[in-house]
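Subject: Structure handover

Hello,

Here is the structure I promised to pass on. Please open it first, then read the notes below with it on screen.

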Amino acid sequence: MSEKLKVGVLGGTGMVGQRFISLLENHPWFEVTTIAASPRSAGKTYEEAVGGRWKMDTPMPERVKSIVVMNVNEVEQVSRQVDFVFSAVDMTKDEIKKIEEAYAKTETPVVSNNSAHRWTPDVPMVVPEINPEHMAVIESQKKRLGTTRGFVAVKPNCSIQSYAPALTAWKEFEPYEVVATTYQAISGAGKTFADWPEMVGNIIPYIGGEEEKSEKEPLRIWGKVEDGVIKPAEGPVITCQCIRVPVLNGHTAAVFVKFRKKPTKEELIDRLVHFSGEPQRLQLPSAPKQFIQYLEEDNRPQVALDVDYEKGMGISVGRLREDTVYDWKFVGLSHNTVRGAAGGAILCAELLKAQGYITKK
């Protein structure tokens, strides 16, 4: 009998679900034993259900090909098979809220890539290097749900990963005003160029709901647990534009920052490269050894060269320079479906296991 925790992937046939399955191949703690998806996929093997829609660069893991896909709506049956689940379901926000809480109420922890619960006051939304202490709010959530081990935890939007870690590393210098423009890959919409040929050689200056998420979610990450809920921070003020660009993987951000305290360039770079958190201290399996790298070259970071830094779990920063209107400006890059989606959720699950929230049933 495997000592690994038995994992289910809800929404396992979609792009993020596929990323979960590819990243969990050979994971030292977790083993995918169950895949659930829409009723039209249920009853087929995973290989049949995905068909020609496998979107990862690496082949489908052999071990999952013959797993028979379950109906994600059959919550009790799926829950009996697993110790916890990752959620990447493609539903309306209200449907996602309902089904994730339904799984939690079967005493099955849910680690979600979805946005539905990001503003539920007692649901932790965590970047493990930044706010691991927010997992403590789970105790209040379990009281509300009437559970002993079931809960929902989420990771934040993929777009903020390319700049929120840098701003966190610079907290002592008190950033108070931020302008960010994100240049976002098409895989963030669950697409490849084969699916979305009109994106070739094109830019679309709108991604629904993305700007509000990019402006508000960092404040929740920087907030505090008070009276059993997360109280968002009041600053810095962030304004954002989000643009879809013809890149497969990798969200780039061009960012301008004003600081109350005036750091030097050397101080800013020093704080970036020495920034680490609980995942590094605990040596979690998916944790990058160095969370943020600083690149000195004028033409870096580049998606083609840097998106897979630390297996896609690290953040790359470059072009840090003084600005004529703001104090400093920089360019950040993160892998949107690894650190920004499935990989970030897996790191959250590793942290939850280390903290004792996820155990064998």
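A residue counts as buried when its relative accessible area is under 20%. Phe259 has a relative accessible area of 1%, so Phe259 is buried. Keep that cut-off in mind, as it comes back several times. One caution before the rest: this is a predicted model.

**Aromatic rings**

A pair of aromatic rings is described by the distance of the centres and the angle of the planes. The structure holds 12 aromatic pairs. One of them joins Phe30 and Phe84.

Now go to Trp170 and Phe259. Their ring centres are 5.9 Å apart and the planes stand at 70 degrees, so this pair is edge-to-face. Trp170 is buried, with a relative accessible area of 0%.

Some rings form a group. Which residues do ring pairs link into a cluster? They are Phe20, Trp29, Phe30, Phe84 and Phe86.

Two charged side chains also lie over ring faces. Lys353 is over the face of Trp29, at 4.5 Å from the ring centre. Arg220 is over the face of Trp119, at 5.9 Å from the ring centre.

**Strand S2**

Of the 8 residues of S2, 6 are buried, so S2 is largely enclosed by the rest of the structure. S2 pairs with strand S1 (residues 5–10). The sense is parallel, and there are 6 bridges. Leu5 stands opposite Phe30.

Rolling a probe the size of a water molecule over the atoms shows where empty space is left. The largest pocket holds about 1,200 Å³ of space. It is lined by 45 residues. Those closest to its centre are Val16, Ala88, Val89, Asp90 and Asn114. Several helices give two or more residues to this lining, among them H1 (15–24), H5 (93–105) and H12 (338–354). By class, the lining has 14 nonpolar, 18 polar and 13 charged residues.

The second largest pocket holds about 850 Å³. Its lining has 32 residues. Leu23, Glu310, Lys311, Met313 and Val338 lie nearest its centre. Which elements give two or more residues to this lining? They are H1, helix H10 (278–282) and H12. The classes divide into 14 nonpolar, 11 polar and 7 charged.

**Cavities**

How many cavities of 30 Å³ or more does the structure hold? There are 2.

The largest cavity holds about 60 Å³ of space. Its lining is Met15, Arg19, Lys55, Met56, Asp57, Ser187, Leu248, Asn249 and Thr337. These divide into 3 nonpolar, 3 polar and 3 charged residues.

The second largest cavity holds about 40 Å³. Val126, Val127, Pro128, Lys155, Pro156, Gln161, Arg339, Gly344 and Cys348 line it. This lining has 5 nonpolar, 2 polar and 2 charged residues.

Take Val127 from that list. Val127 is in the loop between strand S5 (110–112) and helix H6 (138–145). Its relative accessibility is 3%, so Val127 counts as buried. Val127 and Pro165 are 38 residues apart along the chain, and their C-alpha atoms are separated by 8.7 Å.

**Where to start**

Then turn to Val127, which lines the second largest cavity.

Best wishes

Methods. Residues are numbered from 1 along each chain as its sequence is written. This is a predicted model: local features need pLDDT of at least 70, side-chain atom pairs count only at pLDDT 80 or more; totals for chains, interfaces and linings use all residues. Side-chain values use heavy atoms; hydrogens and water are left out. On a 1 Å grid over the protein atoms alone, a cavity is a set of points where a 1.4 Å probe fits but cannot get out, and a pocket is an open set with protein on both sides within 12 Å along at least five of seven lines; lining residues have an atom within 4 Å of a point. Grid points are joined across faces, edges and corners, and a volume is the space filled by probe spheres set on the points. Ala, Val, Leu, Ile, Met, Phe, Trp, Tyr, Cys and Pro count as nonpolar, Asp, Glu, Lys and Arg as charged, and the others, Gly among them, as polar. Rings of Phe, Tyr and Trp (its six-membered ring) pair if their centres lie within 6.5 Å; planes under 30 degrees apart count as stacked, over 60 as edge-to-face and the rest as tilted. Buried means under 20% relative accessible area, exposed over 50%, partly exposed in between (1.4 Å probe, protein chains only). A charge sits over a ring if NZ of Lys or CZ of Arg is within 6 Å of the ring centre and within 35 degrees of the ring normal. Helices (H or I, at least four residues) and strands (E, at least two) are DSSP runs, numbered from the N terminus. Two strands pair if DSSP finds at least two bridges between them.
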